[in-house]
Amino acid sequence: MTHSTLAKINASKMGKHQPRKRFGQNFLHDNFVIEQIVDAIDLNKDDNLIEIGPGMGALTEPMLQQVDAMTVIELDRDLASSLKIRIGANSHPNFHIITANAMQFDYATLYASFNNHLNPNDDNDNDNDNHNGATAKKMRIVGNLPYNISTPLLFKLLDYADLIEDMHFMLQKEVVERITAEVGSKIYGRLSVVMQYHCETEYLLTVPKGAFNPPPKVTSAVFRLRPHVVKPVQADDEALFFIVVRETFNHRRKTLRAIFKKSATMPTLTDADFMSIGIDGDARPETLSVADFVALSNLVSLHQNAAMPVAVDAIDATVATVAVDATVAIDADAAPALSSTSIQSAPKE
Ligand code: SAH
């Protein structure tokens, strides 16, 4: 992708669109940054590419030049119809625009429709082959979205992890640093453990405020999530795993011994218990790897079942209730940064 191609694309943008605060619109306009992002995504012609929140097409158009087919999901009707006029008028037959809320969207249908198109005779049983030797294409998802929906959307997309090859998102730099943090670092926390349990994570590039119009209040970054095809470690009870991660990081400055001594929500664990899974009772949460957290949550699960062998239904009910709470809490992990983003800084409509 050359600078001049991008310059032409941007020069041909539709008439002025007033950025809408309620849709969290901060449009990328720096060609150098756009080129870096598209290069980092590293597309192939036959990719099953989906962009969420294409806006005025800053990333869409250069990406569309590199693939045979692409689907975009845009909430703002005006932007969706402008894109349709501009790119549709260029008669790109395999460019699909869906006007919808990405948060309420069924990504499995999108996956199936791309792969049925690949081979209309497929039995649509999601078995990752289409019976003519070709493999069903997992989705590659890209989004520079409002930051307040990005984290919840990431968690929603993790439900479809089996159907996703990778995801490239823009978020506040500070949140991207936490998602991709290494064990032992000061910013390693709940978001790092939960994301890295599901995906390989990679920090790709820092994006300055000036690359956007209007500029957001904080620096951004682009990162890659590649869902594990086979998870390196698997929790016996995933809902419980998320609770253990949350509860433990709620006391990130305490030792595990102190956290599990008198917890209202967790069973009591002793130094011998910690030793049985190779963890030191003096350790603090930020020094536990994802594998350590899985071992810890498996141990908690054993203790809970041993403590209440009969009331299995009751345990399930408790876990289910707290699990919902856990999801909310994980999302809230990003909350301190959210209040100071772009979304508030956009001009009034
Ligand atoms: N990706 C473009 C636009 C960024 S602005 C660029 O980089 O320039 C964010 C875009 O996400 C806007 O187009 C906005 O309308 C869209 N958007 C916001 N909420 C959305 C949602 N829930 N579902 C789909 N699109 C959404």
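This report walks through the fold, the core and a few single residues of a predicted model.

## Getting started

Residues are counted from 1 along each chain, in the order its sequence is written. Because the model is predicted, local features need pLDDT of at least 70 and side-chain atom pairs count only at pLDDT 80 or more, while totals for chains, interfaces and linings use all residues.

The protein has 15 helices and nine strands. Of its 349 residues, 37% count as buried. Buried here means 20 or more other C-beta atoms within 10 Å of the residue's own, exposed means 12 or fewer, and partly exposed is in between, with C-beta atoms placed from the backbone.

Seven strands make up an open sheet in the order 4-3-2-5-6-9-7, and the pairing is mixed. Its edges are strand 4 (95-99) and strand 7 (199-207), each of which pairs on one side only. Two strands count as a pair if DSSP finds at least two bridges between them. On average, neighbouring strands are turned by 20° against each other, direction ignored.

One of the residues involved is Ile-73, whose bridge partner in strand 4 is Ile-98.

## Helices on and around the sheet

Helix 2 (residues 31-41) lies across strand 5 (139-144), strand 6 (164-172), strand 7 and strand 9 (220-227), at about 160° to strand 7. Helix 8 (residues 190-198) packs on the sheet too, touching strand 7 and strand 9, and its direction makes about 120° with that of strand 7. For these angles, axes are lines fitted to C-alpha atoms (for helices, over the stretch in contact), and values run from 0 to 180 degrees between N-to-C directions.

Then there's helix 6 (residues 147-158), with twelve residues. From first C-alpha to last it reaches 17 Å, close to the 16 Å expected at 1.5 Å a residue; the expected span is 1.5 Å times one less than the number of residues. Its buried residues include Tyr-147, Ile-149 and Leu-157.

## The nonpolar core

The largest nonpolar core has 75 residues. Such a core is a set of buried Ala, Val, Leu, Ile, Met, Phe, Trp, Tyr and Cys residues joined through C-beta atoms within 7 Å. Helix 9 (residues 238-249) gives the largest share, seven residues. At least three residues come from each of domain 1 (3-227) and domain 2 (238-324), with bounds taken from an automatic or database domain assignment.

Phe-293 is among the residues with the most contacts inside this core. Not counting residues up to four places away in sequence, Phe-293 touches Val-193, Phe-241, Val-244, Val-245 and Leu-288. A contact means that two C-beta atoms, placed from the backbone, lie within 7 Å.

## Some loop residues

Asp-47 sits in the loop between helix 2 and strand 2 (48-52). Asp-47 is buried because 22 other C-beta atoms lie within 10 Å. Leaving aside neighbours within four places in sequence, Asp-47 is in contact with Val-67 and Arg-140.

Asp-42 is in the loop between helix 2 and strand 2, but counts as exposed because it has 12 C-beta neighbours inside 10 Å. Its phi is near 60°, a positive value in a residue other than glycine.

Elsewhere, a cis peptide bond joins Asn-213 and Pro-214, with omega about -5°. Pro-214 belongs to the loop between strand 8 (212-213) and strand 9.

Terms used: Helix = DSSP H or I, 4+ residues; strand = E, 2+ residues; numbered from the N terminus.
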